[in-house]
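Please read the following note with the sequence and the model open side by side. The points go from the whole chain to single residues.

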Amino acid sequence: EEPIDQMTIYRDAGIDLYKEKSYEAALIELDKVLMEDPNDVIALEYAYKASFEYAMRLLEKDDYLSARDGFAMALKYNQDCQKCHQYIAHCERTYKETHYKRGMQYFDREMLEEAIYEWMLVSAEDPNYKKVDYLIKKADAILKKLHVLKEKQ
């Protein structure tokens, strides 16, 4: 009898899970192989594919930051992935623009706390994005004035 090769079992399980579109589970199995042998070409290829497909799913659900992280993981397995760089930039741009606009909509409806929250999400990613820090300060100042007025009544 041939000895059981645990890495082959993990690799095959990862490939099967990838084919079943269970990308997260596939990555777990493939990473077991890559921890033992970081240069396993087959495990690297399927780990790249699984992380890329998983990131695409997250992007379809508008989970931009998780998708960005998924594409970054795909780059870890395949440094030549130009699409990954493009998707990372797209995810970051779309996340900031989405929350910036949502903050503007809240501000227009005088929902200042909600507006500040949305802009804080943007600021956490890019404090220099548009006028987000100015808008946070402006909305916060208005909120403070409103609280003072309410206390006087």
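What percentage of the 153 residues of the protein chain count as buried?

1. Burial. The share is 37% of the 153 residues, where buried means under 20% relative accessible area, exposed means over 50%, and partly exposed lies in between, with a 1.4 Å probe and protein chains only. The structure is a predicted model, in which local features need pLDDT of at least 70 and side-chain atom pairs count only at pLDDT 80 or more, while totals for chains, interfaces and linings use all residues. Residues are numbered from 1 along each chain as its sequence is written, and side-chain values use heavy atoms, with hydrogens and water left out.

2. Secondary structure. The protein chain contains seven helices and zero strands, giving the pattern α-α-α-α-α-α-α along the sequence. Helices (H or I, at least four residues) and strands (E, at least two) are DSSP runs, numbered from the N terminus.

3. Overall dimensions. The radius of gyration of the protein chain is 23 Å, whereas a compact globule of 153 residues would have a value near 15 Å. This radius is taken over C-alpha atoms, and the globule rule is 2.2 Å times the number of residues to the power 0.38. Along the principal axes, the C-alpha atoms fill a box of roughly 90 × 30 × 25 Å.

4. Charge. The protein chain carries 23 positive and 31 negative side chains, and the centres of the two sets are 11 Å apart. Lys and Arg count as positive and Asp and Glu as negative; His and the chain ends are not counted. Each charge is placed at NZ of Lys, CZ of Arg, CG of Asp or CD of Glu.

5. The largest nonpolar core. A nonpolar core is a set of buried Ala, Val, Leu, Ile, Met, Phe, Trp, Tyr and Cys residues joined through side-chain atoms within 4.5 Å. The largest one has 29 residues, of which Y48, F52, F71 and C84 touch the most other members. At least two residues of this core come from each of α1 (6–19), α2 (23–36), α3 (41–60), α4 (64–77) and α5 (82–108). The helix that gives the most is α3, with 10 residues. Apart from this core lies another, of 14 residues, including Y100, Y106, I116 and V132. In soluble globular proteins, nonpolar side chains tend to be buried together.

6. Contacts of F71. Contact means heavy atoms within 4.5 Å. With neighbours within four places in sequence left aside, F71 is in contact with F52, A55, M56, L59, C84, Y87, I88 and C91.

7. Why do R11 and E118 count as buried? R11, in helix α1, counts as buried because its relative accessibility is 15%. Leaving aside neighbours within four places in sequence, R11 is in contact with L30, V33, D40, I42 and A43. E118, in helix α6 (residues 112–125), counts as buried because its relative accessibility is 6%. Not counting residues up to four places away in sequence, E118 touches H99, R102, G103 and Y106.

8. K49. This residue of helix α3 counts as partly exposed, at 28% relative accessibility. K49 and Y77 are 28 residues apart in sequence, and their C-alpha atoms are 8.8 Å apart in space.

9. Positive phi values. K21, in the loop between α1 and α2, has a positive phi of about 65 degrees although it is not a glycine. D62, in the loop between α3 and α4, has a positive phi near 60 degrees and is likewise a residue other than glycine.
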